[in-house]
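Welcome, and thanks for taking a look at this one. Please open the structure below and keep it in view while you read.

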Amino acid sequence: MAKGDDVAGMEIDQNSSALDQISNPRFSINVLQLLKSAQMQHGLRFGDYARYRRYCTARLRRLYKSLKFTHGRGKYTKRAISSSTVTEVRFLHLVLYAAERAWSHAMEKKTLPDGPNARQRIYLIGRLRKAVKWATQFQELCAIKGDSRTSLEAEAYATYMKGSLLFEQDEHWDIALKCFKSARAVYEELGKYGDLENQVLCRERVEELEPSIRYCLHKVGESNIKTSELVQIGEMEGPALDLFKAKLEAVMAEARSQQAASLTEFHWLGHRFPISNAKIRVAILKAQELEKDTNGPEADSVPAEKKLAIFDKIFAAYSEARSCIRNDLTNTGNSESIKDDLSGLDKAIGAVLGERTIERNQLLVHIAKNKLSKVRDDKTEKVTKPEELVRLYDLLLQNAADLSDLVSSGRDRKPEEVALSEECELKSLVFRAERCFYLAKSYSLAGKRVEAYALFCRARSLADDALKKLQSSTNADQVAIKDLKMLYNDCRSNICIEHATGVMEEEKAPENLSEKISSISLTGNYKKLEKLLMENLENYESAIGDPTTKSTPYISVFPPAFQAVPRNPVIMDLAYNSIDFPSLENRMKKDKKGLLSRFWG
């Protein structure tokens, strides 16, 4: 009897658990995969937070409308989302995208070009608080309505939002550190399971959280990490790193302002120019730090695309310094000594800017040469033409001329300035030889053999002159000498090739002409098996060629064939004037006249 009661109790428990699962279903959301896909497809691939915020707003509007969960047509009446309200997974999407919209709005303010001002910063903190509120609600709902994995991902998402808020507020670094570590531990655990795509996403999120954790450790005092190491960490990419990058930029600006106190003079070609403005010091110091990445010992390991981005930052820093110098010049007054110092500093920074411009354009030439010489594996890859290199060398010639004019503009020139001016002239000669060589290449590709031959000869002459001058200089650049020797040999080989190709084309010219004349036909040279569209209008067949082949489609015969046209006899034309035609007056209609017309005509 007792055994029968136990069996009956077990059946009742199973039935009740099944009823609970039906009445309280567990929803599943792959939170990280869902958000990463939405972010990459709607703006965050390029850091466009405004576009992502608009997407979140539109997504929320569609969700509210599809769920019939709107807040009234006229008067706004807020409808709260509770555990009893969540009857399907889209209600959880509502809360998640509300948190994403608030977070993206805060990040939009954070990534403004000049940074958020005091008013915008207050608004930014408010939007982050709103994002934390929605993320916490999402975590609570997923704990009740979601499965175990969804609940765990929601917890990691909420802790990350809390850490971001504290990170931006510059307070409670220990709590922010705990939040980031908790999120990292969850993503590390989730990265061990699931499909390959999920594992990759979790590993990327762990790598994105690592710099923020190390920065929090640095602020708490548990790490001896230096600011330069933080800069290397900040070179990573990802939406989770944008707050860290903004914070790092503020730290670097503070460090530069402290270092700039010791920068009292700017040295250039034997001149010393005093710097009194703090903004000019910070800008020059920032540019000098960036120059280490392009000219330092580790410059060879830096990719070309990254070097171009560094050059853009260098130009921005030096341009900012020059604008501050010119503002000081307008506000100086009548002090001639201060004006002379500021004018000299402006000239020195302009010369350094010209040198960096030449280096950047030489890097562009190097990239273009690599694309020109290598064999293309991808058919969609853009082909570099010799005309592009000609344009780049035109820019280099203009840059060298501008720098030479700027350096030689003073009266009392120092030996360093004279040496730089001579170096600019030598560079101009090298650039002219290179430009002439690639101009000859472009003529050669166009089939103009005579022009290409003459330009290759001219390029060889210029390369020989530049090589002699470079070898006679005291501080000869061995890399430049090697490049010039290679250019000289390339000119010689191309001269022989153009000469031989021109002779062959001249010998074959009469033969090709006779073949072309013999193939001329008034009816057109068409294949007998070719279908013409005008002759097959009544047939339901394609007459314009097979799309899979490269055959030329024929619509009609052109030029059209000659046809016989009837002509009037010449004899009839001559006899026309001597023919007597019969009178037709008896057939003409006569006018009837009245009685009065007989008397009065």
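Here is a short briefing on how two pairs of helices pack.

This is a predicted model. Helix 6 spans residues 148–169 and helix 7 spans residues 173–190. The other pair is helix 2, residues 31–41, with helix 4, residues 89–110.

**Helix 6 with helix 7**

- The two helices pack at an angle of about 150 degrees, and their axes lie 8 Å apart.
- Angles over 145 degrees count as roughly antiparallel, so helix 6 and helix 7 are roughly antiparallel to each other.
- Their crossing is left-handed.
- On the helix 6 side, the contact residues include Leu152, Ala156, Tyr160, Gly163 and Phe167.
- Helix 7 contributes residues including Trp173, Ala176, Phe180, Ala183 and Leu190.
- Sorted by class, the contact of helix 6 with helix 7 holds 15 nonpolar, four polar and three charged residues.

**Helix 2 with helix 4**

- Here the packing angle is about 50 degrees, with the axes 12 Å apart.
- That angle makes helix 2 oblique to helix 4.
- The crossing of helix 2 and helix 4 is right-handed.
- From helix 2, Val31, Leu34, Leu35, Ala38 and Gln39 take part in the contact.
- They meet His93, Leu96, Tyr97, Glu100 and Trp103 in helix 4.
- By class, the contact of helix 2 with helix 4 has seven nonpolar, two polar and one charged residues.

Key: Residues numbered from 1 in each chain as written. Predicted model: local features only at pLDDT ≥ 70, side-chain atom pairs only at ≥ 80, totals over all residues. Heavy atoms only, no water. Axes fitted to C-alpha atoms, helices over the stretch in contact; angles between N-to-C directions. Helix = DSSP H or I, 4+ residues; strand = E, 2+ residues; numbered from the N terminus. Parallel < 35°, antiparallel > 145°, perpendicular 65-115°, else oblique. Left-handed = near helix turned anticlockwise from the far one by under 90°. Contact = heavy atoms within 4.5 Å. Nonpolar A, V, L, I, M, F, W, Y, C, P; charged D, E, K, R; others polar.
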